[in-house]
Amino acid sequence: MAFGYQILGFGSGVSAVGPGTIDIVVVAGGGSGGCNYGGGGGGGGVVYKTGHALAAGAQYDVVVGAGGAGQSSLYSSGNTGSDTTWAVNGGSTEFTAKGGGRGRGNNSGTCHGGSGGGAHNTSDADLIGDAIQGDESGDSGTYGFGFDGGEGGGAGGGGNTTGGGGGAGSVGANATSPASGNGGAGKEISDFASEGEGGFFASGGGGGGIGDHPGPGTAGVASDGGASPGSNSSSSNAADANTGGGSGGSWSNPTPGASGAGGSGVVCFKILTASYSGTTSGSPATRTSGSYTIVEFTGDGSYTALG
């Protein structure tokens with residue numbers, strides 16, 4: 001029918017379908033863990049808003065952020081994840097999820113991010129990565145989620161153990177003796193139970209295990225949300241793709257390894273099927289749930305609302 005109207009049945013008149021509203025989650029890429037006495041990478045920032053109105057006929061562009069590259073340079077911090085955005089084509093950016101902070105190594109540099117990276121093997125609260133998602137302007141901050149990374153132990157207190165990366169659901173754990181900190185929890189979003197890691201997004205990587213000085217110390221673990229644990233032998237694993245999880249810190253001496261890459265981001269939205277235009281680019285995955293359509297962008301693309 002013309003003008004986006006749909007006949008619902010005899011005697012019912014007409015009911016406007018229109019562009020509709022969406023429940024949307026925007027997840028940035030996770031940070032990677034530090035290499036050799038390295039903290040866990042922070043989970044990507046998460047923005048989750050329900051009932052977000054779409055403009056008739058507008059094209060919305062999606063840019064999905066990559067996870068931070070793994071780190072193989074000894075004593076170095078990991079790499080920060082990249083931002084994920086949802087923007088009106090030719091207009092404003094409506095949502096920005098900030099990339100997860102890198103897990104700190106012995107070298108200098110901040111580890112702030114959507115969720116902050118964990119600190120290296122020094123007991124100093126000033127060295128943890130701060131969560132910055134909530135500092136974003138507009139809806140990106142109001143509906144944003146991210147938490148700080150954990151503090152390292154230091155030779156005097158935690159046996160040179162390291163802090164866990166922050167997650168979108170909770171802070172990264174501080175190091176204790178003889179264990180590095182666990183990564184922070186991911187954010188659970190029940191609308192998207194088939195996306196992320198079973199509906200969890202952007203958990204923090206575990207702090208790397210310690211082999212000496214004075215050691216040994218066990219690596220921190222990771223929870224649901226795509227992150228990887230710290231390594232207890234050599235290199236840490238990469239975080240899961242399209243979850244925004246941070247990667248764990250790598251094992252220290254005597255056989256140091258590299259950290260894995262952080263998990264790439266994702267954008268998912270839920271819309272009444274009657275309002276779903278089906279006009280997309282970038283080949284997003286779709287599924288139906290009752291009267292709704294769920295759309296998942298694992299890479300760059302776009303959606304055009306009904307006119």
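1. A residue is called buried here when its relative accessible area is under 20%. A227, at 15% relative accessibility, therefore counts as buried. Please keep in mind throughout that this is a predicted model. A227 sits in the loop between β10 (200-201) and β11. Leaving aside residues up to four places away in sequence, A227 touches S203, G204, G205, A222, A239, G245 and G246. G263 is 36 residues from A227 in sequence, and the two C-alpha atoms are 7.2 Å apart in space.

2. While you are in that loop, have a look at N242, which also lies between β10 and β11. N242 has a positive phi of about 60° although it is not a glycine. With a relative accessible area of 17%, N242 is buried, because the cut-off is under 20%.

3. The phi of Y37 is positive, about 60°, and Y37 is not a glycine. Y37 belongs to the loop between β3 (21-27) and β4 (46-53). Its relative accessible area is 4%, so Y37 is buried.

4. Now to the sheet. Five strands make an open sheet in the order β7-β6-β5-β15-β12, with antiparallel pairing. β7 (93-97) and β12 (279-281) are the edge strands; each has a single partner strand, so one side of each is left without a neighbour in the sheet. On average, neighbouring strands of this sheet are turned by 10° against each other, direction ignored.

5. Within that order, β5 (residues 59-63) and β6 (residues 84-88) run antiparallel and are joined by 4 bridges.

6. In one of them, the ring centres of W86 and F269 are 5.7 Å apart and the planes stand at 70°, so the pair is edge-to-face. W86 lies in strand β6 and F269 in strand β11 (residues 266-272), so this pair ties together parts that are 183 residues apart in sequence. W86 is buried, with a relative accessible area of 0%, and F269 likewise counts as buried at 0%.

7. F269 also pairs with Y303, this time in a tilted arrangement, with 5.0 Å from centre to centre and 55° between the planes. F269 is in strand β11 and Y303 in strand β15 (residues 301-304), so the pair ties together parts that are 34 residues apart in sequence. F269 and Y303 are both buried. Taking the ring pairs as a network, Y60, W86, F269, Y276 and Y303 are linked into a cluster.

8. The charged end of K187 sits over the ring of F145, 4.1 Å from the ring centre. K270 lies over the face of Y292, and here the distance to the ring centre is 4.5 Å.

9. Y292 brings us to a hairpin. Strand β13 (residues 285-289) and strand β14 (residues 292-297) run antiparallel and are joined by 5 bridges. In this pairing, A285 has E296 as its bridge partner in β14. The hairpin formed by β13 and β14 has 2 residues between the strands, and G290 in the turn shows a positive phi of about 65°.

10. Finally, the loop between β8 and β9. A polar atom of the T161 side chain lies 3.2 Å from the backbone oxygen of T176.

11. E151 is found in the loop between β8 (144-145) and β9 (187-188) as well. Not counting residues up to four places away in sequence, E151 touches A119, S123, D124, A125, I128, T162, G163, A173, N174 and A175. As for G91, it is 60 residues from E151 in sequence, with 41 Å between the two C-alpha atoms.

Key. Residues are numbered from 1 along each chain as its sequence is written. This is a predicted model: local features need pLDDT of at least 70, side-chain atom pairs count only at pLDDT 80 or more; totals for chains, interfaces and linings use all residues. Side-chain values use heavy atoms; hydrogens and water are left out. Two strands pair if DSSP finds at least two bridges between them. Contact means heavy atoms within 4.5 Å. A polar contact is a pair of N or O atoms within 3.5 Å; within protein, one must be able to donate a hydrogen and the other to accept it, and residues adjacent in sequence count only if both atoms are side-chain atoms. Axes are lines fitted to C-alpha atoms, for helices over the stretch in contact, and angles run from 0 to 180 degrees between N-to-C directions. Rings of Phe, Tyr and Trp (its six-membered ring) pair if their centres lie within 6.5 Å; planes under 30 degrees apart count as stacked, over 60 as edge-to-face and the rest as tilted. Buried means under 20% relative accessible area, exposed over 50%, partly exposed in between (1.4 Å probe, protein chains only). A charge sits over a ring if NZ of Lys or CZ of Arg is within 6 Å of the ring centre and within 35 degrees of the ring normal.
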